[in-house]
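Open the model in a viewer and keep the sequence at hand. The tour below goes from selection to selection.

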Amino acid sequence: MKISFAKAALPTEGALVVGILENRELTATARLIDEQTGGLIARAMAGSRFEGKKDQSLLLQAPAGLPAQRLLLLGLGKSQSFDVLAAQAFGGNALAHLQAAGDHIVTLAVDGIEGAPTGAADLAAHAAFGAKLRSYRFDKYRTKEKKEDKPSVKKLVVTLAEPAAAKRLFAPLEGISEGVFLTRDLASEPANVIYPESLATQAKALSDLGVEIEVLGEKQMRKLGMGALLGVGQGSERESQLVVMRWMGAGDDSQAPVAFIGKGVTFDSGGISIKPAGGMEDMKWDMGGSAVVIGLMKALALRKAKVNVVGVVGLVENMPSGTAQRPGDVVTTMSGQTVEVINTDAEGRLVLADALWYTQDRFKPRIMVDLATLTGAIIISLGDHYAGLFANDDDLAAKLLAAGKSSGEPLWRMPLDDPYDKQIKSEIADMKNTGGREGGSITAAMFLKRFVKDTKWAHLDIAGVTWAKKDGPVTPKGATAFGVRLLDRLVAENYEQK
Amino acid sequence: MLTIGFSATAGTGARAVGIRPDEELLPSARAADAETGVIGCVLAGKHHFGGDDDDVLPVCTPSGWLVLVGMGPEAGQDGRRLRRIGGNLFAELAESGIEHLDVVLDLSPAEAAELAYGMRLRAWRPPARYKSKVDPDEAWSFVSASIVTSDPAAASAHFARLAPCADGVALARDLVVAPANELTPSHFIERLELLREQGVTCDVFDPLEHDLGLLQAVGQGSIHRPRLAVLRWSGRRRRTSPIALVGKGVTFDSGGLGIKPSEDMEEMKGDMAGAAAVVGALYALAARRAPVEVIGVLALTENMPSGSSCRPGDVVSSHAGLSVEIVDTDAEGRLILADALSFTASRYRPRQIIDLATLTGAVEVALGRHRAGLFCTDDVLAERLMAIGEAEDEPLWRLPLTEAYDEDLKSPVADLRNCGPDDDGPDALHAARFLQHFVPRAIPWAHLDIAGLSEAEEDGPLAAEGPTGFGVRLLDHLVADLFARIE
């Protein structure tokens, strides 16, 4: 779908989308239509339940007096709450309504709204961003999809008074959407296609954008002493990988980077502590954290972010086999600390332990944020709306919470207190890799904390938010790429040179 | 029972003295060391006594028992730490054979009182009547302590403000530990006589006569009738709008027709810990004549499977008028609380409502056994609760009350269903959001899900393994604090 911006004018073909504010208050384009058509919109609303409330819609087919084939009225809610996130939802919902209606061209009219938190150009850029995000489909493996089930929209035109300004604002957002799409693709790919080496190859492609890539294989990791990461991968025939991605956008290579670390278990069968069969196919997206980091690197590179960022992803496949690690095995991590592996299905923290240590040891980052589909407990704790945030630094936590709000990818802070630490004491090693059912996400975070020295660090448990069971305004059902927009905001609001 | 007194000088028997980390002896310890020389020997001998605030080491000297007490560093010596030290000291000596101890820790009167408070909190065990004979080895030898401080009268006066709260905590623990064949809803109400003696009034309501449809539905499977009891303590010269404390009091929760697995089901006698905490807090406030206006609302019922039980799928009309589809009879706590909350709001027009409930297993998955879940509609109240929780060593963690999960509580046949659709969904959040429907928006409201905290799996400084009385100190402090601000 091609997106362009044009001077406000009523289209001569396709579908037209206009916003209506709460209490049926018409936006400028809506007023223009009513003037031209002798009150078409007012008449249509009068005979309907459409009030202009957020998420309400009214579709008018073959609107009399207009050249467009369809006119979609979308409720914008109250003007003062029509912010960039609401604009994204407006664009996303518009596309969802019309995607398969048959139109090739959709025109989205975005008018300046008095009392709105931001201007028309900003709203238009975000409406386009929302539509783009919502247009994502993962359909490469559908060989016989019927034509009427495929999206018909080829072109989205966003009209407003100052299209040039909107276009400028949209450019970085388009980069972010490319990053989001890459993340969604990677998470959606089945595990026979995406495994550690093929995922590393995907990351390597970012070198075209100026991202420096290094891939460490098992031999190098063994040399570094990454016994925890390697232990998880040893049951699989696929070779484990650690990928380091560097985007040096600050213009000063000596500046300490911001680091993002992702869990990349390309398939998590649970290993010898094998999972129940029901729903096991979901475990192809247990590399969601690494997919976010890779997508984020792409987004930052595409929008040429003025910041040094390092992304590190630990890629393994967790399989039961004759070579798999066993419950009770003790492994030595790169930090020198030993771990008793009580449950081979608590493998994400083992991978992250070595990846975190490696990152802080080598790059001495300003901050580290890791992302992982780490625990089922976080889904029972917070559901599928919030990701769990654990942090050893209040300031970093506040920045992340703020970025979560402004990006529409909300976090909820969870505790990281010493009393929880005793749940991971081992009888024979420095620690064990599970702390039981109670506070299960917290004890996982406490485990990771043992691999963080003085670095300001946050851990995002994204198990509940990585895969959506139903459509959202800007995320179709499936892989959400939760984290890309959030961390892009974190970087832009706090660590990028102005 | 432990008797605690305060005095200006120590006697000649067993004595406790204080040591800080890095072998820093308090004056009293230096004096003892000058007499016996034993402390230097102990520290030189590396007996794993570091002077941390959980170290207690009894040493036998020619002149009797000398108990070395770790005090922690001088910085940060606050009431909270002294309570822990007192609790640990009691626990260490309870079965030691020592009967009387002079505690010589160079404490100010207020500090002495806090230490005594910690001892009292720790010195609880289940009532002896449940056993026909007590093993002499397990009987407590330690029955009396005398805490030395510069101004014993001031320490006594300070302790007199704290002791009622320790009694309230003990009362709550007594209720939680009581077996369910003894502690039925009506027996629970009989036990409230203790509060009447302190000037607390008690009204009892039959759910059938007051449209408490949800409470009735949960209780209808048991031969013991459900009841709503309302305690009131009016400690101010003029009656005013009260703070309402609401407690879940399921005297036994079998799960009903959605019966629980039998393993550990005996723990479900403690599913009235929220109500017990409310009773304990009311007792504490009344016994120390606190100038507050507070009501305690107890939703008391048993949840049993029988021919008269409510069934999954039943639709019941609540006191608030909202209809509820009971999809899970084991999510009964939110049902009885819903009626209790709406009854409380409409009848008493409280200025704030705080409810406590052993409500969900999900909160244990989320927060474990160190923090209770806090859900609150008011940021100021939430912050105060969080701060008081830390000060009282009853820590909370705020969890979201969000419309994001409203879809999960929609029922095709009723206004609400009592549970979300998935077994591994965020049930603690669902429960809190469910309850929110029954609290008028204008009243600030907090809900504490104490499922992980009402009983301890291991000994702690202020409570042994078993019922903790969680919430009593928090509520006592909160209510006093709120009214102090109204003054």
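Buried here means under 20% relative accessible area, exposed over 50%, and partly exposed in between (1.4 Å probe, protein chains only). This is a predicted model, in which local features need pLDDT of at least 70 and side-chain atom pairs count only at pLDDT 80 or more, while totals for chains, interfaces and linings use all residues. Residues are numbered from 1 along each chain as its sequence is written, chains are lettered from A and ligands numbered from 1 in the order in which they are written, and side-chain values use heavy atoms, with hydrogens and water left out.

Start with Asp268(A). Its relative accessible area is 2%, so Asp268(A) is buried. Asp268(A) belongs to strand β10 of chain A; strands (E, at least two residues) and helices (H or I, at least four) are DSSP runs, numbered from the N terminus. The side chain of Asp268(A) comes to 2.8 Å from the backbone nitrogen of Gly270(A).

Now show the surroundings of Asp268(A). Beyond the neighbours within four places in sequence, its contacts (heavy atoms within 4.5 Å) include Asp286(A), Asn318(A) and Glu347(A).

Next, select Lys263(A), also in strand β10, which covers residues 258-268. Lys263(A) is buried, at 2% relative accessibility. Its side chain is 3.0 Å from that of Asp286(A), a polar contact (a pair of N or O atoms within 3.5 Å; within protein, one must be able to donate a hydrogen and the other to accept it, and residues adjacent in sequence count only if both atoms are side-chain atoms).

Last, go to helix α13, residues 440-449 of chain A, where nine of the 10 residues are buried. Among them are Ile442(A), Met446(A) and Phe447(A).
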